[in-house]
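Student: I am new to this protein. Can you walk me through it with some questions and answers?

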Amino acid sequence: MTSLRFSGRVLFLSSDPERVAAQLAGRDLGLPDAGALRDDVSTDEITPVPILTHYDDALGRFPYTGFKSGNTRPFGVNSVRQGGFSVTVAGKRYGKGSSREHSPTAEKYAGIQLVIAESFERIYRQNADNIGLFTSTDFGLIERIRSGEAIDVEELVRDRDPLAAHILKAGGLLAYGQGFMKDVLPGDSAQAGQPQTLFEKILARHALRTEQTCAAPKPGEGCFVRADWRFIHEYYTGMCAHMLHTTFGQPLTLQHPESIVVFEDHTSYVQQSPTHVAQGLVSNVAAMCRAQRDFVDAYGLRCHRTLTDDEAQQDDGSNVAGISHAMVAEHYALPGQVVVGTDSHTPHSGALGCVAFGVGTTDMANAFMTGAVRLTVPRVLRVELDGRLQEGVAAKDVVLHLLAQAFVRDGGGVGRVFEFTGSTVKAMSTDERATLTNMTAELGGLTGLVEPDQETQRFLKERRGITFELEDWMFSDPGAHYEHTLRVDCSTLTPMVALPGDPGNGVPIASVHKRPKVDIAYGGSCTAGKREDFDEYFKVMSWAVSQDLRVAPGVALYLQFGTTAVRDYCKARGYTPIFEQAGAVFLQPSCGACANCGPGSSTQADQVTVSAINRNFPGRSGPGQVWLTNPATVIASAIAGELCSFEELRARHAH
């Protein structure tokens, strides 16, 4: 294929719902007619969570069914196919959110051949490359396409790194791998010379040589790396198995299967998920989970499966399970390693001083077959966090503050490595550091990491019984180059809240004068289901009980453990009776409401949720409004019946 001809129409994802509706009704618009384009279109909007149960051409029925223009969701099932669109145009940071390859796949199956946007999120664009869907930031293409001009493929890949260009011209990553990855060789274990960041040192020890990539890549160049751990969960495994068996037949020869870990962690509460039940998707989820279990059994892979409430009551304590990111940090990842997973919050483990990042289904499928993981070498940002955090301020508030900064909101962190350092980080526990690195996904980065230190050693000894000796290279060299440095005086921060719609909508809670009444309060997820998150939940709740306070009437408070180890920790510390006495509902480990799959999800658009999860894109946790806060604020708000920090709650009840 030397050129691409577009037989369909151009679809502008406008902020004006009337202009979107006009296009769906058959009216063709040009760029000047489209109005302001929507920025920050998330993968939750392109392909809402419930439709991830599909992984074949049925996905083509659903693109943009969660897209929000104004206060409307104008796309229905088959809108894109019926509209005859072949090009999509949007604003900045297109494809924010999860690593779900379902989003570009749905677009491609619906007939979209090219997505044009002012900028793209890293995972979305890489996933699009991997399935052969072209993307561009060249708005000059629009009128040429509308006039019927065929666009040369070389022009479409002109601004891409050579590896991305080769993959697109090959028709996708699996086809590229068959042609150019028969010999994958290790590179140099280390590189001498100029000072390096910790990320650069880890990359040098894991880079691979292939026919078209070198083992000493520079920032912006594509390469392949060896991963110490590869993990996948149920929303991706069936899709991965389908594409592998279709491409390579059965049985497969997986590379290093001992380093593959499979998790069933998103859907254990599907029977109690209003969205899945209402849309008749429970059987789809069951089939998806069966496909994963079949793949695990066929290839003898290690698997952790979260349990339903009924199953947990019958468990003798031998089941070790939880949300994949938290499990990897608790059981697998080590400083200096490379960890990849099919989820955008894989950077969670970067708190241990490893390079952990999310990939899509095709990336993981290729990694299963070749042992190599695709990476476009990022530039490194230094985030200096100094000062002592005030009482009631947590790592979550630091991240919400960073997300609200113009540098981040304008896309300065997209595809970058965030290296967190400074006295504030030094004083944080590993659980709190994991909140920083986990939410690198929301910051737009490839990954986040913290230099391993004595706190890292303490965590590994306490949680895993490992006596880990830090190696003499596991730090960033003085004089190492950073693309940009962000500095925050954390002593000035107060509890934050991100207003509904985007995690970047952060403001100090004290500045919110009209406090929303709360219907649901939710504490959990990989970001806020850790041991020390539950310490914070308990700190507020035990104070409330001592003041003879309970969960406010009309508020449902759900607390969901991140892992079985966290659940057992809470039981051992005597937390659960106090919470239950105050009116909280405990949930077994699972992604749950954060993935819109279980109790804690809203069911009506006018419902308000105060939540400690990591993102609040439209539809992320049901149709209602999600306000993101730290763990303490979740409990305080449940007690107050409205958005309220712990400090404010105490002030209201001071004697």
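**Buried residues, ring pairs and spaces**

Tutor: Phe 561 is buried, with a relative accessible area of 3%. Buried means under 20% relative accessible area, exposed over 50%, and partly exposed in between, with a 1.4 Å probe and protein chains only. This is a predicted model: local features need pLDDT of at least 70, side-chain atom pairs count only at pLDDT 80 or more, and totals for chains, interfaces and linings use all residues. Residues are numbered from 1 along each chain as its sequence is written, and side-chain values use heavy atoms, with hydrogens and water left out.

Student: Where is Phe 561 found?

Tutor: Helices (H or I, at least four residues) and strands (E, at least two) are DSSP runs, numbered from the N terminus. Phe 561 sits in the loop between strand 23 (556–560) and helix 25 (564–572).

Student: Which residues does Phe 561 touch, not counting residues up to four places away in sequence?

Tutor: Contact means heavy atoms within 4.5 Å. With residues up to four places away in sequence not counted, the contacts of Phe 561 are Gly 529, Phe 534, Val 566, Arg 567, Cys 570, Phe 586, Leu 587, Gln 588, Pro 589 and Ser 590.

Student: How many Å apart in space are Phe 561 and Ala 528, C-alpha to C-alpha?

Tutor: In sequence, Phe 561 and Ala 528 are 33 residues apart. In space, their C-alpha to C-alpha distance is 8.6 Å.

Student: Which residues form one aromatic cluster with Phe 561?

Tutor: Rings of Phe, Tyr and Trp (its six-membered ring) pair if their centres lie within 6.5 Å; planes under 30 degrees apart count as stacked, over 60 as edge-to-face and the rest as tilted. Phe 561 is in one aromatic cluster with Phe 534, Tyr 537, Phe 538, Tyr 569, Tyr 575, Phe 579 and Phe 586.

Student: What kind of aromatic pair do Phe 231 and Phe 263 form?

Tutor: A search of the whole structure finds 20 aromatic pairs. In the pair of Phe 231 and Phe 263, the centres are 5.8 Å apart and the planes are at 90 degrees, so by the cut-off of over 60 the pair is edge-to-face.

Student: Which strands hold Phe 231 and Phe 263?

Tutor: The pair links distant parts of the chain, 32 residues apart. Phe 231 is buried at 1% relative accessibility, and Phe 263 is buried at 0%. Phe 231 lies in strand 10 (residues 229–233) and Phe 263 in strand 11 (residues 260–264).

Student: Which residue lies over the face of Trp 473?

Tutor: A charge sits over a ring if NZ of Lys or CZ of Arg is within 6 Å of the ring centre and within 35 degrees of the ring normal. Arg 650 does this over Phe 646, at 4.2 Å from the ring centre. Over Trp 473, at 4.0 Å from the ring centre, the residue is Arg 205.

Student: Why is helix 17 largely enclosed by the rest of the structure?

Tutor: Helix 17 spans residues 395–403. Its buried residues include Lys 396 and Asp 397. Helix 17 is largely enclosed because eight of its nine residues are buried.

Student: How many of the eight residues of helix 15 are buried?

Tutor: Helix 15 covers residues 324–331. Among its buried residues are Ser 324, His 325 and Glu 330. Helix 15 is largely enclosed by the rest of the structure, because its buried residues number seven of the eight.

Student: Is Thr 88 buried or exposed?

Tutor: Thr 88 is placed in strand 3 (residues 85–90). Its contacts include Leu 11, Tyr 64 and Ile 112. At 0% relative accessibility, Thr 88 is buried.

Student: Which residues does Asp 502 touch, not counting residues up to four places away in sequence?

Tutor: Asp 502 lies in the loop between strand 20 (496–498) and strand 21 (506–508). Asp 502 is buried, with a relative accessible area of 9%. Leaving out residues up to four places away in sequence, Asp 502 touches Asp 40, Lys 96, Asn 616 and Phe 617.
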